[in-house]
Amino acid sequence: MLFPLFRSSNAIGIICAIGASVCFSTTDVIIKFLSDAYALHQIVLLRSAIGIVAIVIILMASSNGIKALKTNRLRRHLLRGLSVVCANILFFLGIVAMPLADAVALFFISPSIITLFSIIFLKEYVGPHRWFAIGLGFVGVLITVQPGSSEFMLASLLPIGAAFCYAALHTLTRTMRDTESATTMTFYIQASFVLVSTLMWALVGDGQFNDPSNPSLNFLLKPWGAWGYGDIKLFVLLGAGSTLGGYLISQAYRHAESGLAAPFEYIALPLAMFWGLVIFDESPSTLTLVGSGFILASGLYTLYREIHHYRLPNMTNANEH
């Protein structure tokens with residue numbers, strides 16, 4: 001039966017991973033849209049400040065209140081915060097220099113890295129069927145990236161670097177799932193964003209190191225601009241989407257194995273293609289579409305193997321899904 005899967009911890013992780021991808025895809029669009037008018041650290045500071053306010057309000061309404069933020073693993077929270085800050089900065093610098101769908105496709109080498117990290121650092125077992133699914137997704141990424149061709153862009157290294165940082169984030173999440181709540185982990189991530197973006201404001205917020213000729217450096221180092229009244233609702237949506245996405249992705253990797261939850265974040269790729277076409281008039285190439293097909297097949301095959309595992313428990317090795 002299909003239903004045992006959707007009552008399992010892995011199923012909760014899968015659903016949370018999909019929800020987080022929808023949230024993050026929406027915030028990607030907003031940040032790319034705002035990049036012409038605001039510096040990256042300016043956007044991140046306001047986004048995260050709104051996120052922290054939302055988390056505090058939720059905590060105040062809960063039974064434990066602010067006490068829920070107490071932790072004995074502050075150092076690990078700081079490492080998670082640094083990982084996600086680096087991942088965000090690298091990825092957002094990439095999306096202003098290349099089509100949104102291409103940047104997202106490059107970023108989706110991260111599930112393969114997450115699987116590798118889960119083997120090396122968490123000692124998780126990954127069976128041949130899941131390796132096949134991950135390999136299928138990796139082939140799709142290679143088709144989309146076109147390494148070694150004239151179409152390859154130096155800026156593509158930015159989302160690839162973001163993928164490594166993102167994998168580190170979720171590897172750390174798996175080591176903290178038994179002692180830290182998703183709300184606590186989300187709060188410390190948002191606090192890390194506030195601290196780093198405030199420091200960048202103090203150091204480069206006047207634009208003295210800006211290079212307008214480079215789209216990525218211009219986005220990172222441009223001087224702060226006055227917040228437009230019409231953009232406030234976008235910043236509120238950005239903060240809410242980022243906070244909800246951070247909560248859901250923390251839940252995803254608390255409930256599911258890293259190698260299982262990761263492929264379901266692939267839903268962000270067709271979403272990126274849709275947003276790129278509708279909002280930014282960016283049409284995906286044929287190779288991008290072919291590569292995306294491989295990537296989506298990877299996630300669907302992983303889901304099929306998990307369902308097959310629950311339907312045929314006497315015929316399927318529990319580790320090979």
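Accessible areas were computed by the Shrake-Rupley method with a 1.4 Å probe, and for residues only the protein chains shown count as cover. On this basis, the accessible surface of the chain comes to about 14600 Å², with 69% of it belonging to carbon and sulfur atoms. The model is predicted: local features need pLDDT of at least 70 and side-chain atom pairs count only at pLDDT 80 or more, whereas totals for chains, interfaces and linings use all residues. Residues are numbered from 1 along each chain as its sequence is written, and side-chain values use heavy atoms, with hydrogens and water left out.

The chain contains 14 helices and zero strands (DSSP runs numbered from the N terminus, helices being H or I of at least four residues and strands E of at least two). Of its 321 residues, 52% are buried (under 20% relative accessible area; exposed means over 50%, and partly exposed in between, with a 1.4 Å probe and protein chains only).

Helix H4 (residues 74-95) holds Asn88, which is buried at a relative accessible area of 16%. Beyond its neighbours within four places in sequence, Asn88 is in contact (heavy atoms within 4.5 Å) with Arg47 and Phe193.

On the surface, Phe33, Phe274, Leu277, Val278 and Ile279 form a nonpolar patch with about 480 Å² of accessible area together. Such a patch joins nonpolar side chains (Val, Leu, Ile, Met, Phe, Trp, Tyr) within 5 Å, from residues with over 30% relative accessible area and no salt bridge (a side-chain nitrogen of Lys or Arg within 4 Å of a carboxyl oxygen of Asp or Glu). Helix H13 (residues 268-280) gives the most to the patch, with four residues. Phe33 lies in helix H2 (residues 9-34) and is partly exposed, at 48% relative accessibility.

Methods. Patches are made of residues with over 30% relative accessible area and no salt bridge: like charges are joined within 9 Å, nonpolar side chains (Val, Leu, Ile, Met, Phe, Trp, Tyr) within 5 Å.
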